[in-house]
Amino acid sequence: MKSFYDAIVNLKGMMTMRDVYIIGTGIHPWMGFSEQVFADFAAVAVDNALKDASIEWKKIEAIMAGIFIYGGNAGHLSGQYLESIFGETGIPVVNVYNACATGSASIRMAYNSIAAGETETTLAFGADVSPKGFLTAKSDNAVQDRDVIRWKMGGLPNPIYWALECRKRMEKYGTTEEDLALVKVLMSEYGSKNPHARFKKTYSIEEVLKSVYVCDPLRLYEICPVSTGGAAVILTADEELIAKADNPVKINATTMGSAIYGDPTIRISALSCPSVPEAPMLSESYSASRQAYEKSGIGPEDIDVLELPDNSSWHYLVYLETCGFCGEGEADKMLRDGETKIGAKLAVNPSGGFSSHGEALSAQALWQVIECANQLRGRCGERQVEGAKVAMAQTYGLMGNSGTTIMTI
Amino acid sequence: MENMANKVARIPNLVDWSTGEVRLMSAKCASCGTYFFPKEHYQHRPGCSREGVEDVLLPQKGKLASYTIQYYPCPAPFKTEKKITPYGIGLVEFEGEKIQITGIITDTDLKSLKIGMEMETTLLDMYTNKEKQQVVTWAFTAVK
């Protein structure tokens with residue numbers, strides 16, 4: 001443990017933020033429903049991260065934990081549950097929830113704690129066990145929580161929100177059903193080469209177009225399901241640990257964004273949206289990515305690998321635009337021209353994306369960061385993006401939550 | 001619409017039919033001009049004083065800004081006595097109020113749906129409660 005004196009000396013560090021590196025990452029592979037508890041998945045991921053970083057548990061000076069919202073008291077205090085498995089040491093343990101951007105929040109807090117000089121080596125983790133059946137309302141107070149209204153009266157499961165936006169896009173920019181299917185074809189090809197992926201089957205355009213509509217125009221293979229998985233990342237500014245790490249990855253920026261007034265997107269759980277846009281679509285992700293570009297001095301043109309949140313094929317297209325990789329309405333052409341493939345200037349979702357993994361709420365943002373780190377560390381085998389030096393992980397969480405992490409090697 | 005008196009909204013303060021016309025219950029901020037739905041879902045413009053929020057009913061008619069057809073049943077707590085799947089969901093724009101609102105599309109040929117078509121607000125029967133009242137939600141239907 002640090003002494004009080006050390007903490008005061010470290011205040012100096014707060015004035016000049018210092019460089020922070022990823023030295024260890026760990027994943028519990030993604031899967032469907034499991035009878036195991038979330039802490040089991042978390043423990044596997046954390047164990048793997050400790051091994052990767054070649055450090056012992058006692059080196060961890062703080063834990064930034066993603067909350068597992070379906071896990072009751074244990075899930076809401078996931079950090080404490082994790083700490084007790086490895087051994088309690090009295091360090092700060094903070095539990096955080098930002099919907100599907102929860103992992104972005106945990107890694108950002110870990111980064112800030114280290115950059116400010118509060119800690120040297122910090123763990124960020126998240127693990128989720130897919131609930132049986134559908135995600136649905138978590139309270140019964142409609143005035144307090146309008147999520148209750150959308151479930152009781154609106155008839156609005158999540159993919160409907162994406163379908164409503166996708167239809168608007170097709171009308172405005174001429175996106176075709178073939179474009180939506182092509183996203184799945186590409187994602188399934190990469191997912192089949194990823195040992196961590198839940199879905200490893202490859203699909204042709206015809207097979208995707210034969211799959212049933214869930215909510216027209218989105219088909220079964222064009223939306224991602226909920227999954228079980230765990231992910232952990234160890235960050236440090238400790239020079240000794242960085243020196244002995246296997247290809248440490250520098251974090252150039254890790255940011256979070258919220259929505260901007262006048263964003264025309266119909267957000268999950270909302271029943272209304274503005275009809276006259278005064279802000280970009282998915283403004284929370286616009287905000288997060290622009291903050292990251294500004295802080296890092298790195299822009300879309302510099303990025304070799306992008307992991308974006310392809311909750312549906314619509315997301316894949318719109319996120320290329322939201323994050324500034326092309327202009328509005330230009331993503332379809334980018335996709336058709338092969339400009340998002342491994343081997344092109346920008347490789348999009350070489351992991352196979354959420355399409356091949358599904359969502360594990362508190363873990364998925366960290367998993368995206370880990371895929372980026374693995375690409376930069378040259379560990380991705382058949383799906384390796386040759387010579388990748390700069391990578392970006394972009395998340396999307398419901399109700400105006402987003403995070404961006406830019407990394408280099 | 002017959003038997004309006006025996007209908008009850010599953011959740012109050014969202015839809016009104018006391019005037020004989022079915023209309024959504026919104027609120028308008030007099031300071032920033034923003035309309036909210038549900039009316040407690042405040043979304044003020046940054047810097048707004050938030051003074052003078054008043055309840056308003058939206059116009060009965062609007063235009064279809066987007067739609068989808070849902071092919072599997074919405075899970076509980078959603079419930080209807082009659083099978084409604086597949087059902088349409090519309091995003092209906094109230095132009096003067098600069099707001100779009102989601103709602104189930106009822107009593108409309110789903111194949112005829114087209115962005116820009118005129119829609120009106122109506123009620124959809126969900127189920128009968130213990131008090132023998134017809135429990136309803138708001139919905140949209142194509143203007144005939």
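The points below go from confidence to cores, cavities and backbone geometry.

1. Confidence. This is a predicted model, with an ipTM of 0.97 and a pTM of 0.94. Chain B has a mean pLDDT of 96, and 98% of its residues reach 70 or more. Where pLDDT is low, predicted coordinates should not be read in detail.

2. Largest nonpolar core. This core has 90 residues, and the members that touch the most others are A:Tyr316, A:Leu320, A:Phe325, B:Leu24, B:Ile101 and B:Trp138. Helix 7 of chain A (residues 158–173) gives the most to the core, with 7 residues. A second, separate core holds 36 residues, including A:Ala124, A:Phe354, A:Ala363 and A:Ala393. As background, nonpolar side chains tend to be buried together in soluble globular proteins.

3. B:Leu24. Leaving out residues up to four places away in sequence, B:Leu24 touches B:Leu14, B:Val15, B:Phe37, B:Val56, B:Leu57, B:Leu58, B:Phe94, B:Ile101, B:Thr121, B:Trp138 and B:Phe140. Two of these, B:Ile101 and B:Trp138, are also on the list of core members that touch the most others.

4. B:Ile101. This residue sits in strand 8 of chain B (residues 99–105). B:Ile101 counts as buried because its relative accessibility is 0%. Beyond four places in sequence, its contacts include A:Leu271 and A:Ser272 from chain A, and B:Leu24, B:Phe37, B:Leu58, B:Trp138 and B:Phe140 from chain B. B:Ala142 is 41 residues from B:Ile101 in sequence, and their C-alpha atoms are 15 Å apart.

5. Largest cavity. The structure holds 4 cavities of 30 Å³ or more, and the largest has about 80 Å³ of space. Its lining has 15 residues, of which A:Thr265, A:Ile266, A:Arg267, A:Ile268 and A:Tyr396 are the closest to the centre. By class, the lining divides into 9 nonpolar, 3 polar and 3 charged residues. Helix 7 of chain A supplies the largest share, 3 residues.

6. Second largest cavity. About 60 Å³ of space lies here. Both chains take part in the lining: A:Arg146, A:Asp263 and A:Cys273 are among the residues from chain A, and B:His41 and B:Gln43 come from chain B. The lining has 4 nonpolar, 4 polar and 3 charged residues.

7. A buried asparagine. Is A:Asn194 buried or exposed? A:Asn194 is buried, since its relative accessible area is 0%. It lies in the loop between helix 8 (177–191) and helix 9 (205–210) of chain A. Apart from sequence neighbours up to four places away, A:Asn194 touches A:Lys200, A:Ser351, A:His357, A:Glu371 and A:Arg383.

8. Backbone geometry to check. Most peptide bonds are trans, and most residues other than glycine have a negative phi. The bond from A:Asp216 to A:Pro217 is cis, with omega near 15°; A:Pro217 is in the loop between strand 5 (213–216) and strand 6 (218–219) of chain A. Another cis bond joins B:Ala76 and B:Pro77, with omega about 10°. A:Ser54 has a positive phi near 55° and is partly exposed at 43% relative accessibility. B:Asn13 has a positive phi of about 70° and is partly exposed, with a relative accessible area of 37%.

Conventions. Residues are numbered from 1 along each chain as its sequence is written. Chains are lettered from A and ligands numbered from 1 in the order in which they are written. Side-chain values use heavy atoms; hydrogens and water are left out. A nonpolar core is a set of buried Ala, Val, Leu, Ile, Met, Phe, Trp, Tyr and Cys residues joined through side-chain atoms within 4.5 Å. Buried means under 20% relative accessible area, exposed over 50%, partly exposed in between (1.4 Å probe, protein chains only). Helices (H or I, at least four residues) and strands (E, at least two) are DSSP runs, numbered from the N terminus. Contact means heavy atoms within 4.5 Å. pLDDT is the predictor's confidence in each residue, from 0 to 100. On a 1 Å grid over the protein atoms alone, a cavity is a set of points where a 1.4 Å probe fits but cannot get out, and a pocket is an open set with protein on both sides within 12 Å along at least five of seven lines; lining residues have an atom within 4 Å of a point. Grid points are joined across faces, edges and corners, and a volume is the space filled by probe spheres set on the points. Ala, Val, Leu, Ile, Met, Phe, Trp, Tyr, Cys and Pro count as nonpolar, Asp, Glu, Lys and Arg as charged, and the others, Gly among them, as polar.
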